[in-house]
Amino acid sequence: MKQEYSVKIDELNIELSTGTLAKLAGGAVTISQGETELFVSATAASSLRPGQDFFPLTVDYREKFSAAGRFPGGYFKREGKPSEKEILTSRLCDRPLRPLFPKGFMNEVQVIGMLLSTDSINEPDVLMVNGASAALLISDIPWDGPVGCVRVGQIDGEFITNPTHEEMLDSDLDLVYVGSETEMLMIEGGADFISEDRFFEALEYGQKAIQPLIAAQKKLAEMVDKAKKEYPLVQTAPEVLAFCEEFAADKVKEALKCDSYSDRKAATEVIIKETKEALNEKFGENGYDASSLGSAFDEIQEKLYRQNILDTGKRVDGRGAKDLRPISCDTGLLPRVHGSALFNRGETQALVISTLGTSRDTQDIDGLTGGATSKSFILHYNFPPFSTGEAGRFGFTSRREIGHGALAERSLLPIIPPEDEFPYAIRLVSEVMSSNGSTSMASICGGCLSLMDAGVPIIAPVAGISAGLVSERDADGKITKSVILTDILGAEDHFGDMDFKIAGTTDGITGFQLDLKIPGLPFDIARDAIAQASDARRKILGIMGESMPDARKELREHAPRIHTVQINPEKIGALIGPGGKNIRRITEVSGAQVDIDDDNSGRVLIFATNKESMDRAIQEVDLCTGDIEVDKIYRGIVRAVKDFGAFVECLPGKEGLVHISELADFRVNKTEDICKLGDEMMVKCVGIDDKGRVRLSRRAALEDAKAADGEEAAPEEKPEA
């Protein structure tokens, strides 16, 4: 659509525009690539809510089915709650925007993105990040942007910028890179065992690739030329901060030496209560801003946490910067499940359960973008409030849980065996039992062990670890001193500068995610963090290997078994039967599930939970798809009665003639004396002529049956006349 201002980025086939839509919003842009187009707005509240003591930034991305010329599913024909893809895109956009707002800025900011059109070729998630950056940059909201975002793929050893959905099928790297003009801000994605050196090269490639996007946003902002609004910044009252430091700093320092999270928390709560009473005595209950007490303690703890690490290299739990917390692993804990593992790292604990299913258990994806329509490997991550020793809302899935689950899922996906080798649907559920730092990485470690306990022949074990950062900057914003931390605690994540999660095998990286609280990460620190995380990951893999060196050779007792039957593709119709009649009958009589590959290869998968069920299903499939064989005995059904004999259906749709002379071991005057229409009859195939006509014999079948029982072949009793 025609807009007042527009900037094209020819090398990326991207266009940024503004000036026509949503003129009352703080900032609004449309961004397009090919025929995929998004609208993104950014608006700030004019005032704070009473008692507000945090920065409420919300980022929401929505995909409308009208963008693809489709109706939504369901009765109401209206988009409902956000899909997993929409939530993940919202989180992807939120994380690089957040650290660039001024410290003390507390006015609510809302960024909304809407997919207006999709060509099902170009992925809109990176467009959302760039659109949000542009909307904030041209708005009146204070923000230290812009940022640029690209997806980096790798095909045949060559990096590619913003690959299409089709190109991503051939890519062994999926890296979403966000950075400023000089430093990285956020990364997310997965890879097929990429080496640390090649991974770092991909980051450098991404930094170069975003420069045209940043330049275009700056140019658009110059065209719009909208002044930034002055907002009051919320700061801790100086007199309250000074009093708290004098009264409580030494006490807090001692409290931080407590070994456990719960002890540190309890000790700190006591100090806060004492400090509040002292503040009331000095200033009166209404003589100071009550919210300043919480922010003062945050500042005191942050200063003590960081100062101790920077000055001594030691952390509150006594570890050095590169030390891991104690790790323990256990598998096979639960009796009825298909696989289970408990992974402990310090006070972080994840119980992960594996379930193996059939092809009917794959997850259908009813989305507009992303390429895939279903997936057979699923990981769900649950973070209940008791895991942090708190009471809270329970029973709904938060955005955080979806995001952490997606990170763990893509980190484990490269080690899942191909479906033609292990044709199961797999679901992992990570129940976080205790949380004090990097539960998503614990879920990866526990998930790997749980898969091995279930007997999944994984390609290689995977482990994950998180690296943190504490740094000092000079007046120009340049980092002058820094310490990279391995295996960060929850408080080190909260008070530190970085959470850099990396998962992989001994051969390379499979998943990664970087979040910052500072406005950028220099590349030299990033390289050191990758190397430090790599060393820690190999140590964890060694500990996991001691607990479980290899995957179990056999599946658990209650896991479904799979048997593959190869049939003539021309017999698929016979197996299915009219309206699915045959395959439904097989399922009913055997209790097994029978699935036919959609590629018309004739590959049939039979799923059963016991041998009897499996054997019966295999027999029934053979009956439906096999041919009548000479000298083989069948239990058939009489389909036609003639003067000269009976036609008996031995296999579905396949029949032969039992001549009247072969109906019994005596002279039969009338066929009806022996059988009638619909009777079951044991028959033996005694021949097939050149024209494919089948000759059957009831007499021969009876003789063989008696011989098998060790009886003399006594004459059959004649029916009464």
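Trainee: Is Pro 335 buried or exposed?
Mentor: Exposed. This is a predicted model, and in it Pro 335 has 71% relative accessibility. The cut-off for exposed is over 50%, so Pro 335 counts as exposed.

Trainee: Where is Pro 335 found?
Mentor: In a loop. The loop runs between β11 (327-331) and β12 (339-345).

Trainee: And how many Å separate the C-alpha atoms of Pro 335 and His 558?
Mentor: 9.2 Å. Along the chain, Pro 335 and His 558 are 223 residues apart.

Trainee: Switching to helices. How many residues of α9 are buried?
Mentor: 11 of 14, so α9 is mostly covered. Among the buried ones are Glu 401, His 404 and Glu 409.

Trainee: What does α9 reach from its first C-alpha to its last?
Mentor: 20 Å, for residues 399-412. That is close to the 20 Å expected at 1.5 Å a residue.

Trainee: How about α10, how many residues are buried there?
Mentor: 15 of its 15. Helix α10 covers residues 439-453 and reaches 20 Å, close to the expected 21 Å.

Trainee: What follows α10?
Mentor: Gly 455, with a positive phi near 85°.

Trainee: Now charge. Which residues gather in the patch of negative charge on the surface?
Mentor: Asp 156, Glu 158, Glu 166, Glu 167 and Asp 170.

Trainee: Take Glu 166. Which helix is that in?
Mentor: Helix α3, residues 165-168.

Trainee: Why does Glu 166 count as exposed?
Mentor: Because its relative accessibility is 64%, and exposed means over 50%.

Key
Residues numbered from 1 in each chain as written. Predicted model: local features only at pLDDT ≥ 70, side-chain atom pairs only at ≥ 80, totals over all residues. Heavy atoms only, no water. Patch = residues over 30% accessible without salt bridge, like charges linked within 9 Å, V, L, I, M, F, W, Y side chains within 5 Å. Areas by Shrake-Rupley, 256 points an atom, 1.4 Å probe, with all protein chains shown as cover. Salt bridge = Lys/Arg side-chain N within 4 Å of Asp/Glu carboxyl O. Lys, Arg positive; Asp, Glu negative; His and termini not counted. Charge placed at Lys NZ, Arg CZ, Asp CG, Glu CD. Helix = DSSP H or I, 4+ residues; strand = E, 2+ residues; numbered from the N terminus. Buried < 20%, exposed > 50% of the residue type's maximum accessible area, 1.4 Å probe, protein only. Expected span 1.5 Å × (residues − 1).
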